[in-house]
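These notebook entries record what I looked up in one structure, topic by topic.

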Amino acid sequence: LLPHHIHHNVFTGDPRKFDPTFKGPIHNRGCTDILCCILFVLALLGYFAVGILAWSHGDPRKVIYPTDSSGQFCGQVGTPLQNKTLLFYFNILKCASPLTLLEFQCPTTQICVEECPNKFLTLVSALKNNEMNYYQNGCMGVGFQNAPTILKEGLCPAMLFPSQKFSRRCLPNLGTKPGGVIVVGENSTTFTDDSGQTRNASDLLEATKKSNIAVEARQVAMRIFEDYTQSWHWILLGLFIAMVISLIFIVLLRYLAGIMVWVMMIMVILVIGYGIFHCYMQYAHLKGTPGGNVTLRDLGLQTDFSIYLQIQQTWLAFIIILSIVEVVIIILLIFLRKRILIAIALIKEASRAIGHVMSSLFYPLLTFALLALVIAYWAVTAVFLSTSNEQIYKVFNTTQCNYSMEVCNPKTFQNSSIIEVCPDAECRFAFYGGETSYHKYLILLQFYNLFLFFWCVNFVTALGQVTLAGAFASYYWAFKKPDDIPAFPICSSLGRALRYHTGSLAFGSLILAIVQIIRVILEYLDQKLKGAQNKCARFLLSCLKCCFWCLEKCIKFINRNAYIMVAIYGKNFCTSARDAFFLLMRNILRVAVLDKVTDFLLFLGKLLIVGIVGICSFFFFSGRIQKISNDINLNYYWVPILTIVIGSYLIAHGFFSVYAMCVDTLFLCFCEDMERNDGSVERPYYMSSELHEILLKKVNL
């Protein structure tokens, strides 16, 4: 399809020339991209410094325990608040403030209590009817005098509402009259707040909803955590089964590549077809069920996700999605049937390579371990950074005061000079944050944490790619296989990558991390502009998101092939990326015919493994298997199913990524071989005779 000798141009570059000294990956090589290596090391040192700083200021207990306005944890064992496990808000109306959405905290006084109030009672009524013994359970102090003095000193709320416990918080338990009218207390639709204003009971409902934003999310998280504690051993068993199936599949590909590929394609079609049939049966079953015709829009957001499986629209959506996937796969298989034969030959060659480099199958375990370490460090640092905020108190007053809104200490405020200058001033809780330089730049530290997370994840991925590429290149360029293959190709390749090419790997990872962080910023801006009316800005933002998504895919493709060239020739990243790009451009049709079709077949293999494990886990956790499933009590049975499906895909991807990297490496080596040699005695091909036959004679590529 392309002539063997191509003239030079700016799009393809010069083809490789014959070099009798070239015998595969260069052993005598030097360090590349040293400046980027130094920059990466300095960035890691800064990352560790951010972690130490976050760990010294943050307190992850804020995620678990509610905290009062003094920063004490409600219900913490070994403290005076051990028995006071619930958080009570003095004025929950302030939870309707936008600050609640930004800080996930209510800007009002909060105290820890043993029980939530169970009746409506105002401070004036409590003083008048001698009910202060009950009322003081929601107060900060004793020695009450009169209502104005108590409210001025902020010792008690203006009123108590009947409340119910929800995620360790006391939230108003509002009633309704006939017709849906919201009432507080027995029949009152209005009440007087602590500032003397008359408010509607519906205002309480709005404030409660706002305070529930973080609370409901935490409640769902706790239920999910409970499900994990109940099913973790079954999840591990499911993941182990996925690993066994993946290994069996890889071994069968080694000896029965052609048969396994066709069996795999048929199985994928059958599994998706069964999924469509099952979804249709559920859809038909709900057709006559009361409430089954409720729409997703009417249902809204529910914390109990199993409710969505009880309406027809959910199963109809599953049917449509699976049907589209089924049709697309069938059409691709029909039109790519000839090219699939060619891809099978490449998979067979990859199977031989992996058979001679069996240690490559276990290298993904190292990649998984490193990625788990990076993810754990990022997550822990993010939690500590997000819990670094402190309770900030500021001066509030009703008259003119020069100290207004300045930071104050409630413990020493009454004895300070501010009281003498501003007699009506009060030191009240303002917000959660901080006035130090650390707190001012907290958002930048979170940004740096996320950026280094992307950089480190991309670096670990790049290290795995260049290691596998070096090992498989050693196999391809061994003229007498397996005699000329190094004894430990994976270890040799990993050692070369870390010793000489850390800078090149960091360079490619840095470029990709920059694009990924820009995409995160665009997503953030998109969320901020969702309520905006400027359609032009929304359109431009959508275009930018699409462009950077495409750019990320292109960079990943270029990086992957650049790392292969780095593993073979030991050149710097830019030179390797340029050589790989020109080599692919000179063989662009081969890329389309061989490389991408092979990737598609390997993707079907991953899809098959995920489908088998996913269907089995669905029958198990949804109660279809009566003898075993009845012993498992779950809030959301989709939690272990989704975990197993995602984990199975990652496991299958880990094994098949070895195949994919092997195919990509062999393909680039094949293109290099075609340009360097002509098959004569003086310049023989390094490819196997089987690969040479099907690629050159059968399809005349």
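Entry 1, terms. I call a residue buried when its relative accessible area is under 20%, exposed when it is over 50%, and partly exposed in between. The model is predicted.

I searched for cysteine sulfur atoms within 2.5 Å of each other, and the count came to 3 disulfides. I started with Cys-74 and Cys-112, which are joined with an S to S distance of 1.9 Å. The link of Cys-74 and Cys-112 is left-handed, at -75 degrees about the S-S bond. Because Cys-74 lies in the loop between helix 2 (61–64) and strand 1 (86–89) while Cys-112 is in strand 2, the pair ties together parts that are 38 residues apart in sequence. I noted both Cys-74 and Cys-112 as buried.

I then took Cys-116 and Cys-170, whose sulfur atoms are 2.1 Å apart in a disulfide. The angle about this S-S bond is -85 degrees, a left-handed link. Cys-116 sits in the loop between strand 2 and strand 3 (121–122) and Cys-170 in strand 6 (residues 169–172), so parts that are 54 residues apart in sequence are tied together. Cys-116 is buried at 14% relative accessible area, and Cys-170 is buried at 3%.

The pair Cys-139 and Cys-156 has its sulfur atoms 2.0 Å apart. I recorded 120 degrees about the S-S bond, which is right-handed. Cys-139 belongs to the loop between helix 5 (132–135) and helix 6 (147–153), and Cys-156 to the loop between helix 6 and strand 4 (159–160), so the pair ties together parts that are 17 residues apart in sequence. Cys-139 is buried, at 11%.

I also checked Cys-279, which counts as buried at 7% relative accessibility. Cys-574 is in no disulfide, and the nearest cysteine sulfur, that of Cys-36, is 9.4 Å away. Cys-574 is partly exposed, at 45%.

I looked up Gln-110, which is found in strand 2 (residues 110–113) and is buried at 2% relative accessibility. From Gln-110 to Ile-92 I noted 18 residues in sequence and 9.4 Å in space, C-alpha to C-alpha.

How many salt bridges does a search of the whole structure find? It finds 8. In helix 11 (residues 337–356), Arg-352 and Glu-349 lie 3 residues apart, about one turn of the helix, and their side chains meet in a salt bridge at 2.8 Å, N to O. Arg-352 is partly exposed at 26%, whereas Glu-349 is buried at 1%.

Lys-556 and Glu-552 form a salt bridge at 3.5 Å, N to O; they are 4 residues apart in helix 18 (residues 535–569), about one helical turn. Lys-556 is partly exposed at 38%, and Glu-552 is buried at 7%.

Asp-579 and Arg-578 form a salt bridge, with their closest N and O atoms 3.3 Å apart.

I found a nonpolar surface patch of about 930 Å², with Ile-248, Tyr-255, Ile-259 and Leu-270 among its residues. Helix 7 (201–255) and helix 8 (257–286) each give two or more residues to the patch; helix 8 gives the most, with 5. Leu-270, in helix 8, is exposed at 53%.

How values were computed:
Residues are numbered from 1 along each chain as its sequence is written. This is a predicted model: local features need pLDDT of at least 70, side-chain atom pairs count only at pLDDT 80 or more; totals for chains, interfaces and linings use all residues. Side-chain values use heavy atoms; hydrogens and water are left out. A salt bridge is a side-chain nitrogen of Lys or Arg within 4 Å of a carboxyl oxygen of Asp or Glu. Buried means under 20% relative accessible area, exposed over 50%, partly exposed in between (1.4 Å probe, protein chains only). Patches are made of residues with over 30% relative accessible area and no salt bridge: like charges are joined within 9 Å, nonpolar side chains (Val, Leu, Ile, Met, Phe, Trp, Tyr) within 5 Å. Accessible areas come from the Shrake-Rupley method with a 1.4 Å probe; for residues, only the protein chains shown count as cover.
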